[in-house]
2 protein chains.
Amino acid sequence: MLKYQQIAEEMERYIEDHGLKQGSKLPVIEALMKQYGVSKSTIIKTLELLEKKGIIFQVRGSGIFVRRQNRKGYISLLSNQGFKKDLEDYVLTSKIIELEVRKPTEEVSINLNMDLNEDVYYVKRIRYINGQTLCLEESWYNKSIITYLNKEIVSESIFHYITEGLGLKVGFSDVYLQVDKLNEEEAAFLGLEKDAPKLLVESIFHLTNGQPFDFSKVTYNYQQSQFFIQANSHFF
Amino acid sequence: MLKYQQIAEEMERYIEDHGLKQGSKLPVIEALMKQYGVSKSTIIKTLELLEKKGIIFQVRGSGIFVRRQNRKGYISLLSNQGFKKDLEDYVLTSKIIELEVRKPTEEVSINLNMDLNEDVYYVKRIRYINGQTLCLEESWYNKSIITYLNKEIVSESIFHYITEGLGLKVGFSDVYLQVDKLNEEEAAFLGLEKDAPKLLVESIFHLTNGQPFDFSKVTYNYQQSQFFIQANSHFF
């Protein structure tokens, strides 16, 4: 981890630990330089990262302020830290339904940009929040990139394993959302009635070199589906 | 518009017009400097902006590549350009149900950080896509910031009016998603049966100085609800 990333983590933890609210003013750049004993350019990089992550916002000529979402119990839709950070007060568990090496379907091969005769790891699991079903998750991993998975890995955060265990760098993801009704199989897995609402989230994760390695389809229990996203100015 | 933003728009249009696919390699920085007659730092700013917007990705030591979502008919959930850019082949219309100045409810006053005795513009409209209901939209605008609205403005893109007409700068937004069942009133407006699935998207838009000015609740017709989001590495 680089110095500016480390400082960003420290500042994030400080905001968290002190329960600073949206709009709280943070020290000016010069004070931060002093505090962390680093150059101006390092602090500027730190602040850019925190801004991208939606932790702060900067107002020219006025200062640096805390940015926070104010609602409890919402899951960050785009961060993939195994939900843990946003749901610290909740108990999350997984049940593995399937884990095997297979050939991709056409849909999977298109989304992972693979040939039909290459291998993928297929993982199907149910995730629980405080004992209630949160989602049914199916994922396909390009086996030439994610070379090894087992039950123990898959029962924890697969993302943590990919970044820490395999040392891969995740670059970006494309996320597709769709609302629909549960079919019979999904309803059974989630313990809901057929035709109940569902949120289907399809994600394609790419390495920093642009190669897709993970295609996943997650069907959420609508009773547990509260998400937040933070958007920055470049979207407007 | 600053030079780097202008070049970013030109490059985005170029990618669009030439139908470049995900992974297409773009010219190197030196070639772009020559092509646009600008400094290296300007091109770097351009590329940073395009990367944030999910138009390109950069691979260190390898080059600059096109990033694109590959599915048709999905609405960008976070961009607020009146859907137009993503749904060029579709006809979008609005029907205004209500437009009036009122006092905020407690929920609205919390989300807009206003007193209960201040004024808000309340706008309720139905939006149609190719003649079918897309969503039911309720918005509350802080009247001390959005000082004037009328039927003509509200029947078009309100965001365009806010940024171009009023010259306000939008900084960031917090977006909350929830899946649920339609109540009777919503079902009637959307032309669906009660208890059909719905996606509720609540957004709070802030100016660059952090002040919230728009709180909106949009209930989507699940039959028309396909969204995409592009996420960058800082989320992982």
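Modeller: Let us start with the interface. This is a predicted model, in which chain A and chain B bury about 4800 Å² between them. Carbon and sulfur atoms account for 59% of that area.

Biologist: How many residues does the contact take from chain A and from chain B?

Modeller: Chain A contributes 57 residues to the contact, and chain B contributes 57 residues. Because 100% of the interface residues of chain A are also interface residues in chain B, the copies meet through the same surface.

Biologist: How many salt bridges does the rule find across this interface?

Modeller: Between chain A and chain B there are 4 salt bridges. One salt bridge joins K181(A) to E193(B), with the closest N and O atoms 3.3 Å apart.

Biologist: What relates the two copies of a chain?

Modeller: In general, one copy is related to another by a rotation about an axis and a shift along that axis. Here, chain A is superposed on chain B by a rotation of 180° with 0.0 Å of shift along its axis, at an RMSD of 0.0 Å. That is the relation of a two-fold axis. In chain A, the C-alpha nearest this axis belongs to P197(A), 2.3 Å from it.

Biologist: Let us turn to the single chain. How many helices and strands are there in chain A?

Modeller: Chain A has 7 helices and 11 strands. Its C-alpha trace spans about 55 × 40 × 35 Å along the principal axes. Of the 236 residues in chain A, 51% are buried. Among contacts between residues at least 6 apart in sequence, 58% join residues at least 24 apart.

Biologist: How is a pair of aromatic rings described?

Modeller: The description uses the distance of the centres and the angle of the planes. The whole structure holds 16 aromatic pairs over all chains. For Y122(A) and W140(A), the ring centres are 5.3 Å apart and the planes stand at 45°, so the pair is tilted. This pair links distant parts of the chain, with Y122(A) in strand β6 and W140(A) in strand β7, 18 residues apart.

Biologist: Are Y122(A) and W140(A) buried or exposed?

Modeller: Both Y122(A) and W140(A) are buried. R102(A) lies over the face of Y122(A), 3.8 Å from the ring centre. In chain B, R102(B) lies over the face of Y122(B), at 3.8 Å from the ring centre.

Biologist: Which residues form one aromatic cluster with F172(B)?

Modeller: F57(A) and F65(A) form that cluster with F172(B).

Definitions and conventions:
Residues are numbered from 1 along each chain as its sequence is written. Chains are lettered from A and ligands numbered from 1 in the order in which they are written. This is a predicted model: local features need pLDDT of at least 70, side-chain atom pairs count only at pLDDT 80 or more; totals for chains, interfaces and linings use all residues. Side-chain values use heavy atoms; hydrogens and water are left out. Rings of Phe, Tyr and Trp (its six-membered ring) pair if their centres lie within 6.5 Å; planes under 30 degrees apart count as stacked, over 60 as edge-to-face and the rest as tilted. Helices (H or I, at least four residues) and strands (E, at least two) are DSSP runs, numbered from the N terminus. Buried means under 20% relative accessible area, exposed over 50%, partly exposed in between (1.4 Å probe, protein chains only). A charge sits over a ring if NZ of Lys or CZ of Arg is within 6 Å of the ring centre and within 35 degrees of the ring normal. Copies are superposed by least squares on the C-alpha atoms of residues with pLDDT of at least 70 in both. Contact means heavy atoms within 4.5 Å. Buried area is the accessible area (1.4 Å probe) that two parts lose on being put together, summed over both. A salt bridge is a side-chain nitrogen of Lys or Arg within 4 Å of a carboxyl oxygen of Asp or Glu.
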